[in-house]
Amino acid sequence: MNVFTTILKRDLVLAVRYRAELLNPMLFFILVIILFQLGMRAKPDVLVTLAPAIVWIAALLSALLSLDHMFRSDMEDGALEQMIISTQPTSLLVLAKIIAHWVITGLAVTLVGPLLGLMLGLSFDATKVLFLTLLVGTPILSAIGSIGVALTVGLRRGGVILSLLVLPLFVPVLIFASQTVNTYIGGYPIAASISILMALLILSLSLAPWAASAALRMSVS
Amino acid sequence: MDQARLPYTDTNILSAQKLSSEKQDRWLFKDISFTIEPGHIFHIKGTNGSGKTTLLRVLCGLTIADSGEVVWGDKPIGRQHDQYHTQLSYVGHTDGIKQDLTVEENLRVAAVLAQGKQQKSTLVNLTEILKQVGLNNKKYTFAHALSAGQRRRLALARCLLNDTSIWILDEPLTALDAQGVQLVEEMIKQHIERKGIAIITSHQALNIDDEYYKALDLS
């Protein structure tokens, strides 16, 4: 466990010292939503039905934007090699990096997302549901993303392949999360779709570290 | 004999059997075999691009050779990864140092990662290790503010965290001043005195007794 907390702390300290990594996905997230609103000039009631999807698409893209950082710098400066020959379980180290990535990008999106939802005209109660979906959904993005990054980090320009690999896997999260909010606005119960998101979260957090660590061993070689 | 000079507890013969590796349709090395007994230094020489780093990575188990095997003791390292890595310290061509962490933080992370490796018989003290490599006064300096030679010293300090019997060092002498070179030579000498194995690449000659010295030229 000591290893887990050390790597988690290391990544968070690095993110705080190198603020661009911290602020860039956040700014991107806010800007996309503001631009949407500026560009659409939709009627308020139309905007409300679109709001959950807009927030979620922005969350997805900002996650994608920051994913590459997860292993890239460790690959370049050789820290990854040291992790692999360290005799500590690589999957545990990967889990720490997934959680760190979520704290750096996902958590901020989770906290700001509902405010932007309010701005898009969602009711206060609906933003609470939006907050819940973001809280459960954004860690899934970090987890699934880790597999994609681990597979492409050995390539010099893995960016495009990363998007192609990861975006299709993000789609179920997008669908279930934005549908949850819409279902709530429609006045139906949301327990089922929240449960599905939870299931996705548990599944991805328990499987992604293994898949990603296997992929990292390949990428490093 | 002081504690630090006691022989390592787990030493074994390391051998390469018909290793070959190719890169972009060109053989970097083909069918090379060698044996390194405990208490020896193995110096891999070669021109730039002759595959020295690749060979070191194969010996670490980071890269898989296109054919051939690296055997430690009686088993190929591929079948005893974890066991082999408990005895291995590797300082690569990229040094694994985070620029935005201080010297001490870097070493602390390395120490935690090295927990599973062969533990030192005495308690390790990071300050002591930093003193040994001459970086004690730089403890709280960010790694990006270090000179290339100082960074090299910090990377090499990782070898002192544990009692690992195999050191694989890629160009350990690069960017080091005369004092630094002497320090590395002294570290390696003590290491082979304790029946460890040191595998290094270097363009510089090393001041090591012929008896314990083997070389391989890849070019």
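The paragraphs below go through a sheet, a helix, a helix pair and a chain interface in turn.

This is a predicted model, in which local features need pLDDT of at least 70, side-chain atom pairs count only at pLDDT 80 or more, and totals for chains, interfaces and linings use all residues. Residues are numbered from 1 along each chain as its sequence is written, while chains are lettered from A and ligands numbered from 1 in the order in which they are written.

Begin with the sheet in chain B. Five strands form an open sheet in the order β6-β7-β8-β3-β9, with parallel pairing. Strands (E, at least two residues) and helices (H or I, at least four residues) are DSSP runs, numbered from the N terminus. Two strands pair if DSSP finds at least two bridges between them. The edge strands of chain B are β6 and β9 (213–217), each pairing on one side only. From one strand to the next, the twist averages 15°.

Strand β8 of chain B, residues 197–201, pairs with β7 (residues 166–170) of chain B in the parallel sense over five bridges. In this pairing, B:Ile168 has B:Ile199 as its bridge partner. Strand β3(B) also pairs with β8(B) in the parallel sense, over five bridges, and B:Ile41 stands opposite B:Ala198.

In a regular strand the side chains alternate between the two faces of the sheet. In β8(B), B:Ile197, B:Ile199 and B:Thr201 point one way, and B:Ala198 and B:Ile200 point the other way. Five of the five residues of β8(B) are buried, so the strand is largely enclosed by the rest of the structure. A residue is buried if 20 or more other C-beta atoms, placed from the backbone, lie within 10 Å of its own.

Helix α1(B) packs on this sheet, touching β3 (40–45), β6, β7 and β8 of chain B, and its direction makes about 155° with that of β7(B). Angles run from 0 to 180 degrees between N-to-C directions, and axes are lines fitted to C-alpha atoms, for helices over the stretch in contact. Eight of the nine residues of α1(B), residues 52–60, are buried, so this helix too is largely enclosed by the rest of the structure. Among the buried residues are B:Lys52, B:Arg57 and B:Cys60. After α1(B) comes B:Gly61, with a positive phi near 85°.

Now turn to chain A. The axes of α3 (residues 44–67) and α7 (residues 124–152) of chain A come within 10 Å and cross at roughly 30°. Angles under 35 degrees count as roughly parallel, and α3(A) and α7(A) are therefore roughly parallel to each other. The residues of their contact divide into ten nonpolar, four polar and no charged.

Finally, consider the interface. In all, 25 residues of chain B are in contact with 22 residues of chain A; contact requires C-beta atoms, placed from the backbone, to lie within 7 Å. On the side of chain B that touches chain A, α3(B) gives the largest share, four residues. By class, this side has twelve nonpolar, eight polar and five charged residues. Ala, Val, Leu, Ile, Met, Phe, Trp, Tyr, Cys and Pro count as nonpolar, Asp, Glu, Lys and Arg as charged, and the others, Gly among them, as polar.

Methods: Contact = placed C-beta atoms within 7 Å. Buried ≥ 20, exposed ≤ 12 C-beta atoms within 10 Å, placed from the backbone. Parallel < 35°, antiparallel > 145°, perpendicular 65-115°, else oblique.
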